Amino acid sequence: MAAIKDAAVAAGIAAALFLFFIGVHTVPRGGVLSVETRWAAFGVAVAVVFAGRLAIDLLFGLRRPTIRVAIPERLRGASRWVGPALVVFALALPFLPFADRRVMDVAILVATYVMLGWGLNIVVGLAGLLDLGYVAFYAVGAYTCALLSINFGFGFWACLPLAGLMAATFGVALGFPVLRLRGDYLAIVTLGFGEMIRIVLTNWVSLTRGPNGITGVPRPSHFGLATTPLERVVFLYYVILLLALATNFITLRLRRLPLGRAWEALREDEIACRALGINPTTVKLSAFAIGATIGGVAGSFFAARQGFISPESFTFIESAIILAIVVLGGMGSQLGVVLAAFVLMGIPEWFRELQEYRMLAFGICMVLIMIWRPRGLLAVRTPTIRLRRAP
Amino acid sequence: MTEALLQVDGLSMRFGGLTAVHDLSLEARAGEITALIGPNGAGKTTVFNCITGFYKPSAGTLVVSREGRLFALEHMSGHAIARRARVARTFQNVRLFAGMSVLENLIVAQHNALMRASGFTVLGLLGIGGYRAAEREAVEFAREWLVRIGLESRADDDAGHLSYGDQRRLEIARAMCTRPALLCLDEPAAGLNPSETHGLRRLLASIRDSEGIGIVLIEHDMGVVMGISDHIVVLDYGRKIADGTADEVRHDPAVIRAYLGDGEDAA
């Protein structure tokens, strides 16, 4: 009986949704739109939902999927060798037989987003500051690199640290006004900041050439290492891989330093931090600045790889994707970011054959992950210091 | 009698039209436990928030004198009060870093010393300087406190997974890891069972006697207050109505009236 009631509720919700999606249909007729109704299709769809829900309830019982929070113990042990194994795999990737041009392009894309994810992870995952405008720093880095090389003839390697520095400056500039904000309010302000940067880039035509973008950004000089086009791609891959690994190394080290612990403490309880003599201002600004630096360096790489940048590349959806990588990976988890970047960037690339169903497949993946692992793929925090050695 | 560690003079705190604390003066001395008691809503926690910089008092001065230096708390921000005047506090509703381990809670409390040792992160990041030694020392200091509060075996567990009584003790240990001169405890016995309360009394007495620091205590459990306080200040409606030793306060008619009400219901 409970199963029938549950199925009826599901069918009711479906009916409300399908009424407009399926039940009503617009057709162009002689230049004007007219409305047609499709009650048969509507009825079938609702019936399918009812029957399907009933079947699920009867087969699996009415219990909702239990939310598993803890990760199995053996997975925890596995994470100790999965990280190094992935690094070895990443380093060897260009020499593997299937590594053609397309695979390398996807690998570069994934590595870029891994780096961005790790950068945002400092701000969101460790310091707990919800930043919806992270792409702004990516854009600042990219434009710094492009403008310096176009106008002053700077090479990529000179641009890299300058782009990081510039992004850090913007990070602090964003940090100051939002110091008092947390959670939703902070998210809205950072969202606005991201849009501001993009709109300035679009409209400051004399500097940025507006929506036309900047072309002819020189590729990274490769010290004569690469000759064929494929080798050049492989070289780019190693550049982003090393940048990403450096990011990871720095983050892992920072976590074990007082600054990193203060970030996490700030995420847990800002008031308690103040009572312990920790200055929340400097702690927050350092998180913004370091996160922004990483975004800026990644942006600089992006500009040099593409050779062309325009404000189009730095829309809100980019911020959303990077944030999705962090959240999906499990806040604060370095390995989780890698897995999530694979899922979010790699899968849509691989599913290109599916064409218009690509985003559908992507959406299904997201829903499945959220059902199985609602706190992210790897939502496990290991303490940064132990009294006893781990067993 | 030693010089006052904390000297509060003419403290008033108004929130709009409400005067939570009115012209309050009190002092707390090093090596003594000063209890701040009063019925609910008397303004005790407001006084604490003024001492620890969470509120800016509307009027009055709060001075900590430590090692011959004076700190005017009303002009300092909360984190500076903790760092420079060395005033540590706990909260009425425990505020641990629940997602971090017990040991990490105590290490974060030593943030400022470790920050210096790590060359404000730069040297620590490069792996040079005395950071490793400083961290080992910090862990050792934390371990001493864990032994004192009986939580050494739980050091690597999440602080949020401890029982309530353990969390309360851990919060006191965390405050002590900042090496304070003055420790402010907001209802440390709230929610504890009788044996935990007994342990708390011993812990507070041992902190007073071995560390020689001043403790200011807000508490409703009269057993704790009367048993360990050297000095009791009674508040009612934001005003001080009594000030003295446990015996003096216990027999003060104003205190009895505040807690039990007037016999004749004078309205």
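## Briefing: domains, a helix pair and the A–B contact

The centres of domain 1 and domain 2 of chain B sit 27 Å apart, taken over C-alpha atoms. Their contact draws on 13 residues from domain 1 of chain B and 11 residues from domain 2 of chain B, where contact means that C-beta atoms, placed from the backbone, lie within 7 Å. This is a predicted model: local features need pLDDT of at least 70, side-chain atom pairs count only at pLDDT 80 or more, and totals for chains, interfaces and linings use all residues. Residues are numbered from 1 along each chain as its sequence is written, while chains are lettered from A and ligands numbered from 1 in the order in which they are written.

**Domains of chain B**

- The assignment for chain B gives domain 1 as 1-86 + 180-267 and domain 2 as 96-179; domain bounds like these come from an automatic or database domain assignment.
- On the domain 1 side of that contact, the elements giving two or more residues are α2 (78-85), β7 (182-186) and α8 (194-211) of chain B. Helices (H or I, at least four residues) and strands (E, at least two) are DSSP runs, numbered from the N terminus.
- The top contributor to the domain 1 side is α8(B), with 3 residues.
- Sorted by class, the domain 1 side of chain B that touches domain 2 has 8 nonpolar, 2 polar and 3 charged residues. Here Ala, Val, Leu, Ile, Met, Phe, Trp, Tyr, Cys and Pro count as nonpolar, Asp, Glu, Lys and Arg as charged, and the others, Gly among them, as polar.

**Chain A overall**

- Chain A splits into domain 1 (2-60) and domain 2 (96-372), and 42 Å separate the centres of the two, taken over C-alpha atoms.
- There are 15 helices and 4 strands in chain A.
- Of its 391 residues, 40% count as buried. Buried means 20 or more other C-beta atoms within 10 Å of the residue's own, exposed means 12 or fewer, and partly exposed is in between, with C-beta atoms placed from the backbone.
- If you take the contacts in chain A between residues at least 6 apart in sequence, 77% join residues at least 24 apart.

**The α4–α12 pair in chain A**

- Helix α4 (residues 101-126) and helix α12 (residues 280-306) of chain A pack at an angle of about 165 degrees, their axes 8 Å apart. The axes are lines fitted to C-alpha atoms, for helices over the stretch in contact, and angles run from 0 to 180 degrees between N-to-C directions.
- That angle makes α4(A) roughly antiparallel to α12(A). The cut-offs are under 35 degrees for roughly parallel, over 145 for roughly antiparallel and 65 to 115 for roughly perpendicular, with the rest oblique.
- The crossing of α4(A) past α12(A) is left-handed, meaning that the near helix is turned anticlockwise from the far one by less than a right angle (clockwise would be right-handed).
- Residues of α4(A) in the contact include Ile108(A), Met115(A), Trp118(A) and Leu126(A); on the α12(A) side they include Phe288(A), Gly291(A), Phe302(A) and Arg305(A).
- By class, the contact of these two helices has 15 nonpolar, 4 polar and 1 charged residues.

**Where chain A meets chain B**

- The contact takes 27 residues from chain A and 31 residues from chain B.
- On the chain A side, α9 (229-255), α10 (258-268) and α11 (270-275) are the elements that give two or more residues.
- Of these, α10(A) gives the most, with 7 residues.
- The chain A side has 15 nonpolar, 3 polar and 9 charged residues.
- For α10(A), 11 of the 11 residues are buried, so this helix is largely enclosed by the rest of the structure. Among them are Trp263(A), Glu264(A) and Arg267(A).
- The cover over the buried residues of α10(A) includes α4, α9, α11 and α12 of chain A, together with α3 (102-108) and α4 (111-117) of chain B.

**Residues to look at in chain B**

- Asp23(B), found in strand β2 (residues 18-29), has phi near 45 degrees, a positive value in a residue other than glycine. It counts as partly exposed, with 14 C-beta neighbours inside 10 Å.
- Tyr237(B) also has a positive phi, near 50 degrees, and lies in the loop between β9 (231-236) and β10 (239-244). With 15 C-beta neighbours inside 10 Å, Tyr237(B) counts as partly exposed.
- Ala142(B) belongs to helix α6 (residues 131-148) and is buried, with 26 other C-beta atoms within 10 Å.
- Leaving out residues up to four places away in sequence, Ala142(B) touches Leu103(B), Leu106(B), Ile107(B) and Cys177(B).

Conventions: Contact = placed C-beta atoms within 7 Å.
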